[in-house]
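Biologist: I'd like to learn how to read side-chain contacts and strand pairing in a model. Could you walk me through an example?

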Amino acid sequence: MVEIGDHNGQESELEPVPVNPRKASLIQQSEPITNGHSNGLTNGTANGTSNGTSNGTSNGTSNGNEAKGKELVALPKCHCVKGTEKCSYHESKRQLPTREALIPEMTSAYRSLLSSLGENPDREGLLKTPERAAKAMLYFTKGYDQSLEEILNDAIFDENHDEMVVVKDIEMFSMCEHHLVPFYGKVSIGYLPSGKVLGLSKLARIVEVYSRRLQVQERLTKQIAVAVLKAVQPTGVAVVVEGSHMCMVMRGVQKINSKTVTSTMLGEFRDNQKTREEFLKLALHH
């Protein structure tokens, strides 16, 4: 499932993402894509039979093109729910105060946690620790306060370029939502422009927005790919994330050198093996 996030953990309303009509059939998502082309051909055939060949061809083409322009990929609203229904939890949190206003409450919670661990929160070394920890957690999860539209800031440019663009080894820090411990690593992003290119630094900012949340690496990878798809509607997007998880290093199996690699391939990268191999060679070669 794919999510586009918004403030305070609230995932955005279901918003359709327009797909480049020339390659719409290549963008494979869990949600169905309207088959405007087939509708156009059907209408054209029917009209052609009753009104004549030229009339049918004309009507079929126009109807097909009109429908193709409306082809959409639906994005789920929130990772709290499995389908596209509203998330009742986050709907109830819409009127929360700003995150900075939560510092006193979070400070109190951290103070209670220290006491539960058998520590004295009033001793010198821990006196300001609850507030520091509250502020640090807000920073670690600051992506909840950011949206894709804000960080793009109109840095999308018309450019007659259709060759692969790859930005690799973007540093990433995130928090495992299962244990609230860090995982970190590198992200490589590639896309095939279709008339528009994205400012290179914005790819790094997209990584920052979605990694600065409570995450699992699999979902993070997909969110980054869909954000690029939404931003410039390319003919294909590829994302590879390589991460080290402290929940596997500091606890549990304690495998210090293990790494987790996840990928998301959309459009041309999914359907064309040579394109996919070119990206992987560029992204993973050091």
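Biologist: With which side chain does the side chain of T262 make a polar contact at 2.6 Å?

Modeller: Keep in mind that this is a predicted model. For a polar contact, look for a pair of N or O atoms within 3.5 Å. Here the side chain of T262 has such a contact with the side chain of T221, at 2.6 Å. The side chain of Q217 also makes a polar contact with that of T262, at 3.1 Å.

Biologist: Is T262 buried or exposed?

Modeller: The cut-off for buried is under 20% relative accessible area. T262 has 12% relative accessibility, so T262 counts as buried.

Biologist: Where does T262 lie, and which residues does T262 touch beyond four places away in sequence?

Modeller: T262 belongs to strand β9, which covers residues 260-267. Leaving out residues up to four places away in sequence, T262 touches Q217, E218, T221, V239, V240 and V241.

Biologist: Now for the strands. In which sense do β4 and β5 pair?

Modeller: To call two strands paired, look for at least two bridges between them. Strand β4 (residues 165-176) pairs with strand β5 (residues 182-192) in the antiparallel sense, over nine bridges. One example to click on is F173, whose bridge partner in β5 is Y184. The two strands β4 and β5 form a hairpin with five residues between them, and L180 in the turn has a positive phi of about 55°.

Biologist: How many bridges join β4 to β7?

Modeller: Two bridges join β4 to strand β7 (residues 214-215), and these strands run parallel. M175 has L214 as its bridge partner in β7.

Methods
Residues are numbered from 1 along each chain as its sequence is written. This is a predicted model: local features need pLDDT of at least 70, side-chain atom pairs count only at pLDDT 80 or more; totals for chains, interfaces and linings use all residues. Side-chain values use heavy atoms; hydrogens and water are left out. Helices (H or I, at least four residues) and strands (E, at least two) are DSSP runs, numbered from the N terminus. Buried means under 20% relative accessible area, exposed over 50%, partly exposed in between (1.4 Å probe, protein chains only). A polar contact is a pair of N or O atoms within 3.5 Å; within protein, one must be able to donate a hydrogen and the other to accept it, and residues adjacent in sequence count only if both atoms are side-chain atoms. Contact means heavy atoms within 4.5 Å.
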